[in-house]
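I opened this model to see how a chain is packed and where it leaves space. My entries follow.

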Amino acid sequence: MKKLHIILLIFIALSIATLISFMGNLSTYETIASAKQKEGKVVTIIARLDNSQPMTYDPLKNPNYLSFHVVDTVGNRAQVVYHYEKPYDMEKAERIVLKGKMSGNVFDITSKDGILIKCPSKYKDDPRSASNNLSQN
Amino acid sequence: MDYPGEHLVPGQLGHFCVTLSMVSSLVAAVAYFVSTRSSNIQDAHGWKRLGRWAFGVSGISVLTVFASLLYVVATHKFEYYYAYEHSSRSLSPKYLLSCIWEGQEGSFLLWSIWNIVLGCALMRTSKQWEAPVMGVMSTMQAMLATMVLGVYVFGFQIGKNPFLLTREFFRNAPIFNLPDYMSQASMQDGQGLNQLLQNYWMVIHPPILFLGFASTIVPFAYAIAGLLTKKFGGWTKQALPWTLFSACILGTGIMMGAAWAYESLTFGGYWAWDPVENASLVPWLVLIAGLHTQVVYNATGHSLRATYFFHILTFSLILYASYLTKSGDLQDTSVHSFANSGTNWQLRIFILLFFLPAIGLFIKRYKQIPFIAKEESSYSREFWMFIGSLVFFLTSIFIATATSLPVINKVFHTSFAIGNDAAFAYNKIIIFIAIVIGLLTAIAQYLRYKLTPAKYFTSKILLPSIIAVVLSTLISVFGGIHYDKYGIGFLAAIHGALFAAVYAVVANATYIRTALHGKLKAAGGSVAHIGFGLMLVGILISSSKKEVLSFNTTGIPLELGGNENPLENITLIKSLETDMGKYHTTYINSDSTDASGNMMYFKINFKQKNKQEEFTLYPNLIKNTKGQEGFSNNPDSRHYWNKDIFSYISYADNMDRRTDTAQYRSYALNVHDTVYYSNGFIVLNGVEHNPVNDKFRFTPSDTALMADVKVVSKEGYTYQARPVFYVEDNQGKYLVDTVYAQNLAIGFSKVLDNRKIELQVKESNKLVPFVSLKVYEFPFIGVLWVGTIIMIVGFAMSTVRRIRMNRALKSVA
């Protein structure tokens, strides 16, 4: 066997090890209900803002505490706590991607990139609102 | 219907030229490939001439298309959707070009223009390889033209037409039933350029990046030419400057993107392993692998097959990157939101159209590609260079897989996502790759091709090794790198990588001195390696010593449980000096001095505690464009030779344009009377006549009364307020006093009968102007940028030298 083959084998072994370690840390997309089943495990949830509940962010008292409520695609609700500043335009998000873990009934996010806001591009996603806008005056 | 006021000529001209460009580049592709296959020299020459003409026509058409689009945007022809969607009248002319590459159509046009420029250069320089190489270039040109075609065939959309009219885009909008819609108010201005793109980096970064993208086709085209003509090894010398050029430009483009991210985004750094960043890094890694195997082949005859494979893969990955960023598949993982543009299937075909024939041809010819049966010696440079290339390749696979999770999920119906610490998921693996690559970069130069006498090697490598050990130990011991967030193992890996990076820098620097005897002309490779090593050093130090300065130290009690909560924002109340670690910080004021009124600057003063030094930062907010409310963040940094202080606004009270709706309430009080408010009570302690104290200086000739008010919050804190009532010009006036901590404003408005006074009390959370701020310190980030520049210079040196060597070779022959 050539030494290149040996090195290739080593590389393959290392790659597999890397892959396994990487897969081990992957989270999965869950709903709120299934996230509750996996309490304490980091999961990813796609949800939207629950506007019937208040959003709490008072930077004067504490700029590192944001609390809000979300509804997931199947209609379950949960409170979310985020320990960073409130992302801009949060209220207008049509979809929020959350990475964090359930502790009790609260979805806790301890990483800054744990919230990804998807704002509708007003004109792309809703041509009707665009045409309304164009037709005013 | 006739619409007065529309200017349809530029659009018609543009769209005609798009079609012309597509047809003529198809003609060019066919002509060039026929020429490649033709055995008759006369015929081959004739077809080649046709190909040249057709490619030339295509080039002129693309330039016309670009000029028309620029004209439409520059002259605010809002009847065109592109101008309406991507520009506005108030936009500064320097950002006009940015408008063009904001949309997918414009970025493909840009790519197309670079493809033309490269094609023209290849026509002049590729000599006997012209026909097959230009055949590939012309095919690409045709594909790029289809991306801006904008026609529907059997309900499928082919490309997006940049000259679509606004009324065609919003077909059902009632406004367009009016013949004179152009004179309607809503058609007088466009939606504007995305505020984040209004940055000088965004003028220069896309053209460079797209030149990098476009240039990766050249080594690919040469590889295909080699496979088609079965002159397998003939092209590698001629194509080497192109590979170097491509590596140089693509690397520059990526790092410019990093610089833009650092300056105008708020993820707190230059790199976040965002899918969009990864998408262009991955092909660069493979390109570097291909570059090294190509050099190896030129010197020794080894690694030709690998070179073919890497060059084919690089270009395919560039196309894949373009698919990833434009298809909308990454929406849930990337901060750059790319909507699905409706051309996904076309982008997929685009990739396959190049990848499948190329890889098929490679497999078919694989056995015929010459190789050397005898294995490389482990004391040879080519062996370790090959290993390095392999490491780069595996790294690219790793990053590509992690980035493609959304695509993998789509194909295999899985639901994987990277956990909540995406950066670490990458870093913990990349750090070990950095160690290996650093060491290889340091050592491989000292090995000779074929076989190195052991004595030669050890004698030469000894000095740089000693220097590197000493230097990196000094950095490790005195550098204060104690990044233990992820445990001791990761910290050890950081120190290991630091040594490898320092070693790479030192070994390549001494190599220029000792082995090349200071001949800089030949040192392009070593210079690029020094730059790469410095980049690694800069990345390692700036990330591991990155410090959050804005820890919340205001002493305001927090209602948080847990001990791992990252409290990275500090709230600054206007003109109140606040303790922030090494600094005293004060929020001086905010101002929207920008001519368009779209930017809001916040003047923040930093005073170093121990030293006299003082400076001011102006982090700002840019008003969102495109009809969206709200603001985007634009950080500001203070640059020192050894660190950056980086800050941005995480919240500002005047971001909400809510007006203060709270009302004053009046109370009639005697001394010692009490009034309740939501968080406690207020006691009137007494009233003083013409007070003289730390706050007021009234004289006996004045008529002034000061109420001494005590505010007691339910937490038990006590505050004092001293509103004043006075007479001036025979009129009663009063001065309101505020208790910021309780959001209270208290005024003394009247003197009533029976020794009573009237107090006005308002509770409002809009009393105090404040900002929440985040401040980071990035030590030695300059090393990263300096390293980047050195690496680019090294690539450029190598490119020039290889071009010269090729010329010299030709003049000898």
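Of the 813 residues in chain B, 56% are buried; buried means under 20% relative accessible area, exposed over 50%, and partly exposed in between, with a 1.4 Å probe and protein chains only. This is a predicted model, in which local features need pLDDT of at least 70 and side-chain atom pairs count only at pLDDT 80 or more, while totals for chains, interfaces and linings use all residues. Residues are numbered from 1 along each chain as its sequence is written, chains are lettered from A and ligands numbered from 1 in the order in which they are written, and side-chain values use heavy atoms, with hydrogens and water left out.

Next I looked up the fold elements. Chain B has 20 helices and 24 strands, taken as DSSP runs numbered from the N terminus (helices H or I, at least four residues; strands E, at least two). Its C-alpha atoms fill a box of roughly 120 × 80 × 50 Å along the principal axes.

Then I checked contacts (heavy atoms within 4.5 Å). Among those in chain B with a separation of 6 or more, 69% join residues 24 or more positions apart.

I picked one residue. Is Ser58(B) buried or exposed? Ser58(B) has 0% relative accessibility, so it counts as buried. Ser58(B) sits in helix α2 (residues 41-74) of chain B. Leaving out residues up to four places away in sequence, Ser58(B) touches Ser21(B), Ser24(B), Ser25(B), Ile116(B) and Gln141(B).

On a 1 Å grid over the protein atoms alone, a cavity is a set of points where a 1.4 Å probe fits but cannot get out; a pocket is an open set with protein on both sides within 12 Å along at least five of seven lines; lining residues have an atom within 4 Å of a point. I found three cavities of 30 Å³ or more. The largest cavity holds about 60 Å³ of space, a volume being the space filled by probe spheres set on points joined across faces, edges and corners. Its lining includes Asn278(B), Tyr320(B) and Thr403(B). Helices α11 (275-300), α12 (304-327) and α14 (381-403) of chain B each give two or more residues to that lining.

My last entry is on a pocket. The second largest pocket has about 1100 Å³ of space. It is lined by 40 residues, and Val295(B), Met385(B), Gly525(B), His529(B) and Arg802(B) lie nearest its centre. Which element supplies the largest share of this lining? It is α20(B), with eight residues.
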